[in-house]
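Subject: Structure for you to look at, with notes

Dear colleague,

I am passing on the structure we talked about, and below it you will find my notes. Please read them with the model open beside you.

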Protein chains: 2
Amino acid sequence: MEVDSTNFFQQLPVPDKFTEKNDKICNFVSKHNEIGNKVVLVTSGGTTVPLESRTVRYMDNFSQGTRGSASAENFLQHGYAVIFLYRNRSLEPYSRHFSRLNLLDMLEFANDNTSAQSIVVQQEYEDKVKTMLLKYKEVMKSGHLLFIDFTTLNEYLHLLRASALSLQQIGHSAMLYLAAAVSDFYIPKDQMPEHKIQSADGPLHVSLQLVPKLLGPLVKEWAPDAFVISFKLETDKNLLIKKAEEALKKYHHQLVIANVLETRKQAVVIVSKDSIQTISLSKEQLLQGIEIEEHIVTELISRHNKMMNEK
Amino acid sequence: MEVDSTNFFQQLPVPDKFTEKNDKICNFVSKHNEIGNKVVLVTSGGTTVPLESRTVRYMDNFSQGTRGSASAENFLQHGYAVIFLYRNRSLEPYSRHFSRLNLLDMLEFANDNTSAQSIVVQQEYEDKVKTMLLKYKEVMKSGHLLFIDFTTLNEYLHLLRASALSLQQIGHSAMLYLAAAVSDFYIPKDQMPEHKIQSADGPLHVSLQLVPKLLGPLVKEWAPDAFVISFKLETDKNLLIKKAEEALKKYHHQLVIANVLETRKQAVVIVSKDSIQTISLSKEQLLQGIEIEEHIVTELISRHNKMMNEK
């Protein structure tokens, strides 16, 4: 079934701060277009689906944003400009390395004799913080990284379309790396109760409608020349390759990265129209702290370059 | 309907690391019992309800943990020992003041002439970090604060019961301040699909069962001598006081703190068997950064002391 995305978007309320965020995206893309940089949109983290308009309860998709934030670092390393479209409070490039720590456990009062007492990072964390701080400051100074956050599915969809439309102007130099865990289901505005659902009413039955697959209009209309990578996460590995191939046939984009929930940090399968390539890490590599996103991104950039050269 | 909590718990799987966490709680309570400290259990943040056993999707309750983490600071300030039972990655006492900041935006390389380059907190944040760091280090050194985290409803319920049972030994010196946003609904293990729900199957219909109200057994059996405060959050203010009074009549605990979603940071109503007291902040107080939890906690401690003296 063809998706009439214009109709679908008309019933989605325009989210708060949309204009401001859209302006930031357009300016960022224009600037890097002028310089001649390649630009990648990295989406990251899960989307929420509110069950009430004054929201107390919502559905969510499991994702801390590890794949997206780690990949963003690697794209930046290779000179790409990155629009990082991420779930509010999910992992961010560079700072993600300290996300399990309490900030105050990392700090201490400086032990010096000067009168101005300053607060320093404890020695135990200093090397790692130093490495990341250098990279982060450099990237922010060069203007290669744009943070755009979302929380709800509605916000995500509006910002995805805005980013893709903006990337249209740079044609083949754009990549869309759609790693966010986006809900397949939503509750249309007119079917949502206003107030908190009352538990006294007994067991809860929630009915959610299917979100139309927007990868269709994204590839066909919004950013037809871009290099587009979607993700397929399953818990049942027997479904994986079949579902990835079906998606490519249906939406005509370049690649699907297929992964299984439990092993997603060790192995992925990159599926294209003509090939299936497995990327995996050995136990030794995992122990050394090597991240699979480094290998995924290197492979994608080589394929993106190939596509750009062929056009 | 009386809740047979033993039966209900038998069908809830024992969560990971439960024994380890339970031991920590018991040791903490015993230690403070010996010293003669009052102990409060502060619950904070929302609980998740997985929709699949290999979880990709879940339901969640809106809460960042502001009420719980701010209240914990105030209880510590007044000498209470605090078991902080909180949703993983929600706000924590002291560090919560920096939760909207990217760690790396707060740090810079020290501008000194020594060879050992160190990383310091930027001057703009130094005062606030200093204040919080002092309080945090003092509290951690004195052993007055125990962090116990949960994610799912199941983990929360097991840890709530374990904490209440452990607090039984200190009788009236215990307070339970149940500020977490706990799901009223869950999916029994035998009704949960193993694998990710497939969107190709069409619209999603989720049926959730009511979680039995465990405040009943908590007050009657688990910690019968403790001072117990529950929370009632509604979006419809016309329901609020009525629902608070119903809860007190049903569960026979000491207080319900009633609040409306949109105004919860400005006003709450403390409802007891005999009285209704509104606590609210003026616009000036809000602008000065005064938090309503300071007033709530002061009032609760005074009522807790009164109860202890009467027994």
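Which residue in β3(B) is the bridge partner of A:Asp60? In this model, which is a predicted one, the partner of A:Asp60 is B:Tyr58. The pair belongs to a pairing between the chains, in which strand β3 (residues 57–61) of chain A is joined to β3(B) by five bridges, with the two strands running antiparallel.

The interface as a whole

The size of an interface is often given as the accessible area lost when the parts come together. For chain B and chain A that buried area is about 6100 Å², with 57% of it on carbon and sulfur atoms. In chain B, the residues that lose the most area to chain A are B:Arg89, B:Leu104 and B:Ile119, which together account for 11% of what that side buries. The contact is made by 65 residues from chain B and 65 residues from chain A.

Turning to the polar side of the interface, there are 20 residue pairs in polar contact between chain B and chain A, counting pairs in which both residues are at pLDDT 80 or more. The elements of chain B that each supply at least two residues to the side touching chain A are β3 (57–61), α4 (103–106), β5 (107–109), β6 (119–121), α5 (123–142), β10 (204–210) and β11 (227–234). Of these, α5(B) gives the most, with eight residues. Sorted by class, the side of chain B that touches chain A has 30 nonpolar, 17 polar and 18 charged residues.

How many salt bridges are counted between chain B and chain A? The count is two, and A:Arg57 forms a salt bridge with B:Asp184, in which the closest N and O atoms are 2.7 Å apart.

Inside chain B

B:Arg87 lies in strand β4 (residues 81–87) of chain B. Is B:Arg87 buried or exposed? With a relative accessible area of 13%, B:Arg87 falls under the 20% cut-off and therefore counts as buried. Leaving out residues up to four places away in sequence, B:Arg87 touches B:Ser44, B:Gly45, B:Gly46, B:Thr47, B:Thr48, B:Tyr58, B:Asp60, B:Phe150 and B:Thr151; among them is B:Tyr58, the residue that is also the bridge partner of A:Asp60.

Strand β12 (residues 255–260) of chain B is mostly covered, with six of its six residues buried. β12(B) pairs with β11(B) in the parallel sense over six bridges, and B:Asn259 in β12(B) is the bridge partner of B:Leu233.

In chain A, strand β12 (residues 255–260) is joined to β13(A) by three bridges, the strands running antiparallel, and the two form a hairpin with six residues between them. Here A:Ala258 stands opposite A:Val269 in β13(A). β13(A) is in turn joined to β14(A) by five bridges, again antiparallel, in a hairpin with four residues between the strands, and A:Ile270 stands opposite A:Gln277 in β14(A). Four of the five residues of strand β13 (residues 267–271) of chain A are buried, so the strand is largely enclosed by the rest of the structure.

A:Ile276 lies in strand β14 (residues 276–280) of chain A, and at 47% relative accessibility A:Ile276 counts as partly exposed. Its contacts, apart from neighbours within four places in sequence, are A:Ile241, A:Glu245, A:Val269, A:Ile270 and A:Val271. A:Ile276 is 19 residues from A:Ile257 in sequence, and the two are 9.8 Å apart in space, C-alpha to C-alpha.

With best wishes

Key
Residues numbered from 1 in each chain as written. Chains lettered and ligands numbered in written order. Predicted model: local features only at pLDDT ≥ 70, side-chain atom pairs only at ≥ 80, totals over all residues. Heavy atoms only, no water. Buried < 20%, exposed > 50% of the residue type's maximum accessible area, 1.4 Å probe, protein only. Contact = heavy atoms within 4.5 Å. Buried area = accessible area lost by both parts, 1.4 Å probe. Salt bridge = Lys/Arg side-chain N within 4 Å of Asp/Glu carboxyl O. Polar contact = N/O pair within 3.5 Å; in protein donor to acceptor, adjacent residues only side chain to side chain. Nonpolar A, V, L, I, M, F, W, Y, C, P; charged D, E, K, R; others polar. Pairing = 2+ DSSP bridges.
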